[in-house]
Amino acid sequence: MDLRGVVVLFLYLVPLFLLSDLSISAAQFSGLRKGGKHTDGSVLKLKTDASPITVDPTRVTQISWRPRAFIYRKFLTSEECDHLITLAKDKLEKSMVADNESGKSIESEVRTSSGMFLRKHQDEVVAGIEERIAAWTFLPVENGEAMQILHYEHGQKYEPHFDYFHDKENQKLGGHRVATVLMYLSDVGEGGETVFPNSEQKDTQPKGDDWSDCAKNGYAVKPNKGDALLFFSLHPDATTDPLSLHGSCPVIQGEKWSATKWIHVSNFDRPADECVDKNPNCAQWATAGECVKNPTYMVGSDETVGYCRKSCKAC
């Protein structure tokens, strides 16, 4: 089966697994485990060489078919959320957006948050979360980008946008982003919702006074600490889905922390012996001194390969 066929198969099967109201009850999932052995409870356990990865389908709710979107309640523990914030909070820089023509990162008032990228498999906690995402989405760990941690303060936002690419440069490594897993690392006093302005469900979602005006412009998801939102940017036939347009509403009260994992249609990693840049913005970042400021991401370490080894002259 060619790559396109594999992608279509994954995209067809994933939502069927994730629905909480499947005709197959949660009880029928209980006890399933690699090797056919039974366990107690309604939790599906997938084994890896390192440790068990637990995915609980009873916590997953389908919120939209067009676009395809799902909520996993308490996907992260409170301790995992706090750990990711601690890793990021002293390394934040103003968030950038990809220019539709060149694919390069540029500053824009469309996105006013601050953020940074962790390394893939940076520590045991990060690696465990990455493996859990792969188990939930049925998409390989190697297809994912490094996790991005974002911080939104009062009034900060991200205007509606697509996660798939409009330029060819960003598709050279891994192809389009097929899916996004957005994990909420903090509660937000008011505002900060994720909104889908084009969702076919936007007119059927009841909203009271506790929703921001921005959230009332589409189907919206409140940022609750530990929850994860999975949505697909491509249709099952691997074409782009314009209904996946989404944004982050302005924070009105409090602050918002989130972690984003973008997943591509194919392998996003490069062999260590290839002298390449994994991002078209590497040269720009290297000129700005990021090879020294953020060496683990740019150059790499003994455990991981850097994203900008060529521009940092590390190979």
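## Close-up views of a predicted model

**View 1. K120 and its polar partners.** The side chain of K120 makes a polar contact with the side chain of D269, at 3.1 Å. The model is predicted. A polar atom of the K120 side chain also lies 3.2 Å from the backbone oxygen of V141. K120 sits in the loop between β8 (114-117) and α4. Is K120 buried or exposed? K120 has a relative accessible area of 6%, so it counts as buried, the cut-off being under 20%. Leaving out residues up to four places away in sequence, K120 touches E130, V141, E142, G144, E145, A146, K261, D269, T304 and Y307.

**View 2. Helix α4 from end to end.** Helix α4 covers residues 124-137, 14 residues in all. From first C-alpha to last, α4 reaches 20 Å, close to the 20 Å expected at 1.5 Å a residue. At its start, a side-chain oxygen of D123 comes to within 3.1 Å of the backbone nitrogen of V125. After α4 comes F138, with a positive phi near 65°.

**View 3. The cover over α4.** How many of the 14 residues of α4 are buried? The count is 10, and α4 is mostly covered. V126, A127, I129 and E130 are among the buried residues. R132 is buried too, and so is the run I133, A134, A135, W136 and T137. E130 is also one of the residues that K120 touches.

**View 4. The largest nonpolar core.** This core has 35 residues. Which residues have the most contacts inside it? They are L84, W136, M147, I149, M183 and L185. At least two core residues come from each of β2 (52-55), β4 (69-72), α3 (78-88), α4, β11 (177-184), β15 (228-232) and β18 (256-264). A second, separate core has 14 residues, including A146, F268, C291 and M298. A146 is also touched by K120.

**View 5. The surroundings of L185.** Neighbours within four places in sequence are set aside here. L84 and I149 are, like L185, among the residues with the most contacts inside the largest core.

**View 6. The whole chain, for orientation.** The protein chain has seven helices and 18 strands. Of its 315 residues, 50% count as buried. The mean pLDDT is 82, and 76% of residues reach 70 or more. Over residues 6-50 the pLDDT is below 50. Beyond near neighbours in sequence, this stretch has 83 contacts in the model.

Terms used:
Residues numbered from 1 in each chain as written. Predicted model: local features only at pLDDT ≥ 70, side-chain atom pairs only at ≥ 80, totals over all residues. Heavy atoms only, no water. Helix = DSSP H or I, 4+ residues; strand = E, 2+ residues; numbered from the N terminus. Expected span 1.5 Å × (residues − 1). Buried < 20%, exposed > 50% of the residue type's maximum accessible area, 1.4 Å probe, protein only. Polar contact = N/O pair within 3.5 Å; in protein donor to acceptor, adjacent residues only side chain to side chain. Core = buried A, V, L, I, M, F, W, Y, C linked by side-chain atoms within 4.5 Å. Contact = heavy atoms within 4.5 Å. pLDDT = per-residue confidence, 0-100.
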